[in-house]
Amino acid sequence: MFLLQDTLANATTIEGLERAFEAILRQGVVLQETVHSVEQYLESPDLTKQIIASIEAAEASNRRVQESRASLVKMQSEVDKILAEIGQIQRDGTRLLQRMSFEAMSRTDGLLSEARSEQATSNGPIDQLFSDLYLSSLNYSKLLLGFEVIVDLARTQQLRGTASASAGIRLTLEEKLNDLTWQLIQLPDGPDRTKLASLANDLRQLVLGNGGLFVQLAIQNSLRSDLTDARRTREALVGEISQLAKELVNKAQQQVGVSSEELNAATRTLVWMLAAALILSLGTVLFANVGIIENQINRRMKALNGSVSAIAGGDLDYPISVSGEDELGDMAGALKIFKKNALELRRSNVELEKFAYVAAHDLRSPLRAIHDLSVWTLEDEDNQLSAESEAYLTLLQNRVDRLNRLLNDLLDYARAGQTEAKPQEINLSNLINQLVAGADPDGKFRFSFEGTNIRVTTFVTPLTQIIGNLLSNAVKHHDKSTGVITIGAKLENDRLRLTITDDGPGIHLDYQSKVFELFQTLRPRDEVEGSGLGLAIVSKLAEYFGGSVTLTSDPSKERGARFDVDLPVFQIDKSTHEIANQAAA
Amino acid sequence: MKTPADHPRILIVDDDQVSVMAMQRMIRKWDRAFPVDVAHDGQEALKMLKDEVRDLGRLPPVVVTLDLNMPRMSGIEFLKAVREDPDLSRLVVFVFTTSDAEKDVQAAFKLNAAGYVVKESGTELFANALRMLTNFTLATRLPA
């Protein structure tokens, strides 16, 4: 008996639990036989009938559970096979696309050197080839991405979602597969394209086809709910047995008392007492063990909870020890996927930082060299340059400066939000004054402030970047030599609402969504110097820190534009000087 | 033994040719023109210094400007080797580099760099600082 209790107490895996159930039912059978053999002595025929019936039902239920599990295991291996094939297609597709991409690049290089050499006659055909190759390489990247997205979507289907979510993903997959086909058509004809088309077709079959992933997963889902039902029934029945056993034990105890008083045949009493003793112990064990089963579920739940908290808190190496074919097992599976994604994200952040560091250095050096050399050429009086050459050199410097600014802005964009800053308390009007001086050093514009003389606790670096960018835009894009720029601030609960309004030309409704995109400018770069990244950075930063930026402007009605920025702020707990988080950053 | 004609000298350690040219132009504009030696990486610079000081008995350069990102031997490694060499440990080294990384600044000052200027923002600044530092070093008596 104690062995059984130990088994149950230590069961943390589904396998252990199943073994424990088996053991319980075996004990139940023994009890059943015992009860059967002393039935005639027991004065509760209904109870014995019930307990015998319950045990039989529980056994039948257990068999159903085991059968369900076996079917599920088989189904899982079918699904795994399909996923493996999908993985293979992705690998083949990726390799093929990489080879095609590489060949296209080599052809481009070849064309470049041809164009540079003296043999280049007309530019017509080369221009055409360039644009063809450029389009091709864009297509290869899109195709690669397309394959990846489809495979990822297919894999996440493993996570059992709701039926409607499933239908949604199926639609998305169909869309993506159609996109893939469309993009394939745009590739140049040839054996490579044929191979890719056949891979795409195989992929479609594997995912959406008759024996495909979706179908198998649907079957798996229904098997799964069968198993859950069978499990629940079994648990209920085992519980019932336990209750009945308890009742039986009580009855038996009463009877023992009565029998000994009646002085029946000694043997009968002895047999009866032995039987009663057995029933007593078995019943007690059965009753206790059902409680332990519940504990087992709690234990797994606790373990899973521990993993979730640790991983959500950033400890990505925390182990996930829970597994199994029930809901808890599902959650553990989902958690494993989260963890993998989080690790992947962390790795790519680290790579991004390294890339930014290297790009900064290796790109800036030659830029600086070009700039300096042109400056020196202009400076040295011995160089007798024509006015035209001087103008060329000046233009050269201007372009180099532009490249430099673009590089800085690109790095800013890439790094936006990367700093693990803690919120700090600052005086908003001090910050704004600094940024105004930076945006309009010559004091051409008039600035007015409303409600900005407040102290706020928030992430200072992104706030600085956001306000700085918006102010410099307001100054830069103004069409008159002077104007009024108004900066307003308002604290509402745990949000800071900033408004920056100018009386410039405004932004046309058609362009309002475009201006937040990367590299979009509204004036030619020779009129207004700008990389087109400023608003993209502002928007990325605001979103990253849990805020938003909106633009209101309608030049057809009136001049001007207004940017509304909404950012989280925090309260400082004065007693402990620690920042109490009021909004998740 | 001491050859006053080419002292005080400045040693520029940098693998970027245009950077070196920039510094040479700046130094030429000073009211007092110092002769300039150039080394393209840490190893070359180290060898140059050791040869001159030990074999030729010349005085070491009064100031060394140091880039950090160089092939073969980086600036920090060079600085470390200099500080560990008894003949060279008292060299005045001014770091002039493209790197704005905090860890580089700390490493440089831990090895007693005289200053740290980031190339992009500070060419003018660097020239003035270098001139001040050179004059300062000439005027003061550093410990033997």
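Mentor: Start with a term: a salt bridge is a side-chain nitrogen of Lys or Arg within 4 Å of a carboxyl oxygen of Asp or Glu. This is a predicted model, where local features need pLDDT of at least 70, side-chain atom pairs count only at pLDDT 80 or more, and totals for chains, interfaces and linings use all residues. Side-chain values use heavy atoms, with hydrogens and water left out, residues are numbered from 1 along each chain as its sequence is written, and chains are lettered from A and ligands numbered from 1 in the order in which they are written.

Trainee: How many salt bridges does the structure hold over all chains?
Mentor: There are 23. One of them joins the side chains of Arg99(A) and Asp192(A), at 3.0 Å from N to O.

Trainee: Where in the chain do those two sit?
Mentor: Arg99(A) is in helix H3 (residues 45–116) of chain A and Asp192(A) is in helix H6 (residues 191–208) of chain A, so-called distant parts of the chain, 93 residues apart. Helices (H or I, at least four residues) and strands (E, at least two) are DSSP runs, numbered from the N terminus.

Trainee: Which residues are linked in a network of salt bridges?
Mentor: Lys490(A), Glu492(A), Arg495(A), Arg497(A) and Asp566(A). The side chains of Lys490(A) and Glu492(A) meet at 3.4 Å, N to O. Lys490(A) is partly exposed at 48%, and Glu492(A) is partly exposed at 30%.

Trainee: Now chain B. What does Arg54(B) pair with?
Mentor: Arg54(B) forms a salt bridge with Asp85(B), and their closest N and O atoms are 3.4 Å apart. Arg54(B) lies in helix H2 of chain B and Asp85(B) in the loop between H3 and strand E4 (93–97) of chain B, so the pair ties together parts 31 residues apart in sequence. Arg54(B) is partly exposed at 41%, whereas Asp85(B) is buried at 7%.

Trainee: And how do H2(B) and H3(B) lie to each other?
Mentor: They are roughly parallel, a label for angles under 35 degrees. The axes of H2(B) (residues 42–55) and H3(B) (residues 75–84) come within 9 Å and cross at roughly 25°. Axes are lines fitted to C-alpha atoms, for helices over the stretch in contact, and angles run from 0 to 180 degrees between N-to-C directions.

Trainee: Which residues make the contact?
Mentor: Gly42(B), Ala45(B), Leu46(B) and Leu49(B) of H2(B), with Phe78(B), Ala81(B) and Val82(B) of H3(B). Contact means heavy atoms within 4.5 Å.

Trainee: Back to chain A. Why is helix H13 of chain A called largely enclosed?
Mentor: Because eight of the eleven residues of H13(A) (residues 534–544) are buried. Among them are Leu535(A), Ile537(A) and Leu541(A).

Trainee: What covers the buried residues of H13(A)?
Mentor: The cover includes helix H10 (387–415), helix H12 (460–476), strand E6 (548–552) and strand E7 (561–568) of chain A. Just after H13(A), Gly546(A) takes a positive phi of about 80°.

How values were computed. Buried means under 20% relative accessible area, exposed over 50%, partly exposed in between (1.4 Å probe, protein chains only). Angles under 35 degrees count as roughly parallel, over 145 as roughly antiparallel, 65 to 115 as roughly perpendicular and the rest as oblique.
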